[in-house]
Amino acid sequence: MKTRVAIACQGGGSETAFTAGVLKALFEENKLRDHFKVASLSGTSGGALCAFFSWYAHKKGDDCLWKRLIDFWEDNKAQTPQERLFNDFVIETTKLTSQGLIPQFNLSPSNPLVQTWFSVATMGLRSRYSHFEELLAAHIDFSEVKAWGAQPEPPVVVLGACNIITGRLHKFCSAFEPIEMEHLRASACVPNIFPAVTIGPMAYWDGLFSENPPITPLINRDYVGVKNIAQEIWVIKIDRTTDDKIPTAPDEILDRRKQVESNISLFQGIREIKDINTLMLRGAFRDEFLAEVDVKEPIKIPKMFPEDADQPYHIPMIEMSEELSKTLTWEDKLNRSPENINRLIQDGEKQGKKFIEARLRQMG
């Protein structure tokens, strides 16, 4: 029997091109198919896109499970001179604002004047570059996904979002309903960039406000099914946990604040499973329950902080190299330049290969 794994993808805008590189490395390694079974995937924002594309390739039966994902990121780059100019203007302006060198004007993305300005500013750009819906539609046949209906068979995909009407954390799950374009848009809806995504009477913002990424659903029988509960959770992490200095400049404070906020829900989800593992090791669950869900030992998870004591159920976190992580700023989450996307994908491939090799060594 292959070990059932769930892959959880943290959100982080353009920086989740790193996640695409990791998934490429994992899926092109025969070692993954030989030893593991992907039971589920989860993600938030850019991580939701990566998780969904990987799920879609699995359901389509693609021979190459990473090509659609990498093609999407290639298409997402600023390609033409006009797109490069627009991208650089956005990044530089955002940097100056973050540094407090130019004033910040808080305008609603729903404001007609803002929408008109955006239309004028993006004239001459590829429609797929300036309109997220068209970019998604160019790579995913959503009518086909809708025709599939609910997909309770593995792998299951879970996408995080925040319902701003009810205030509840929301998860779109392929086991319950077909994944639609609006679900992806909802998970990636940064409220100061995009208007809220409405689905029926409800409205949604970015999943970064909920679970980044969803963790506990991956071991919840009501989400993934009794026989599909993960034995291992592999976390692809975007925002670094520790820092080596106290931020003092305005942009440094903003960057570190975003990192800490992004990691809060991730650590909360991991902590919940850690507590379940502790109870399991103390014999808190009945043998009949464990047999029913086909879980016979603690669920393998990464530890949250480097100084935490090692546990038998710990596995590595999949993170960026320290060299790359230290060069990134908050603005790089918006940066779609080929140079930024390429270095993230390449580092993701490197770290993905390193992870699978370490995991196999740990298994013995």
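Mentor: A residue is called buried when its relative accessible area is under 20%. Keep in mind that this is a predicted model. By that cut-off Phe-53 and Phe-72 are both buried. Their rings form an aromatic pair, with 4.8 Å from centre to centre and 35° between the planes, and the pair is tilted. Phe-53 belongs to helix α3 and Phe-72 to helix α4, so the pair ties together parts that are 19 residues apart in sequence.

Helix α3, residues 46-60, also holds Phe-52 and Tyr-56. These two residues are 4 apart in the helix, which puts about one helical turn between them. Phe-52 and Tyr-56 are buried as well. The model has 15 aromatic pairs in total. In the pair of Phe-52 and Tyr-56, the ring centres are 6.1 Å apart and the planes stand at 15°, so this pair is stacked. Planes under 30 degrees apart count as stacked, and the 35° of Phe-53 and Phe-72 goes with a tilted pair.

The pairs also join up. Ring pairs link Phe-52, Phe-53, Trp-55, Tyr-56, Phe-72, Trp-73, Phe-142 and Trp-148 into a cluster.

In helix α4, Trp-73 together with Leu-69 and Ile-70 meets Ala-17, Ala-20, Leu-23 and Lys-24 of helix α1. By class, this contact has 6 nonpolar residues, 1 charged residue and no polar ones. How do the two helices lie against each other, by angle and by distance between axes? Helix α1 covers residues 17-28 and helix α4 residues 67-76; they pack at an angle of about 155°, and their axes are 9 Å apart. Angles over 145 degrees count as roughly antiparallel, and that makes α1 roughly antiparallel to α4. The crossing of the two is left-handed.

Is Phe-132 buried or partly exposed? Its relative accessible area is 22%, so Phe-132 is partly exposed, whereas Phe-72 is buried. The C-alpha atom of Phe-132 is 10.0 Å from that of Met-181, and these two residues are 49 apart along the chain.

Methods
Residues numbered from 1 in each chain as written. Predicted model: local features only at pLDDT ≥ 70, side-chain atom pairs only at ≥ 80, totals over all residues. Heavy atoms only, no water. Axes fitted to C-alpha atoms, helices over the stretch in contact; angles between N-to-C directions. Parallel < 35°, antiparallel > 145°, perpendicular 65-115°, else oblique. Left-handed = near helix turned anticlockwise from the far one by under 90°. Contact = heavy atoms within 4.5 Å. Nonpolar A, V, L, I, M, F, W, Y, C, P; charged D, E, K, R; others polar. Buried < 20%, exposed > 50% of the residue type's maximum accessible area, 1.4 Å probe, protein only. Phe/Tyr/Trp six-rings, centres within 6.5 Å; stacked < 30°, edge-to-face > 60°.
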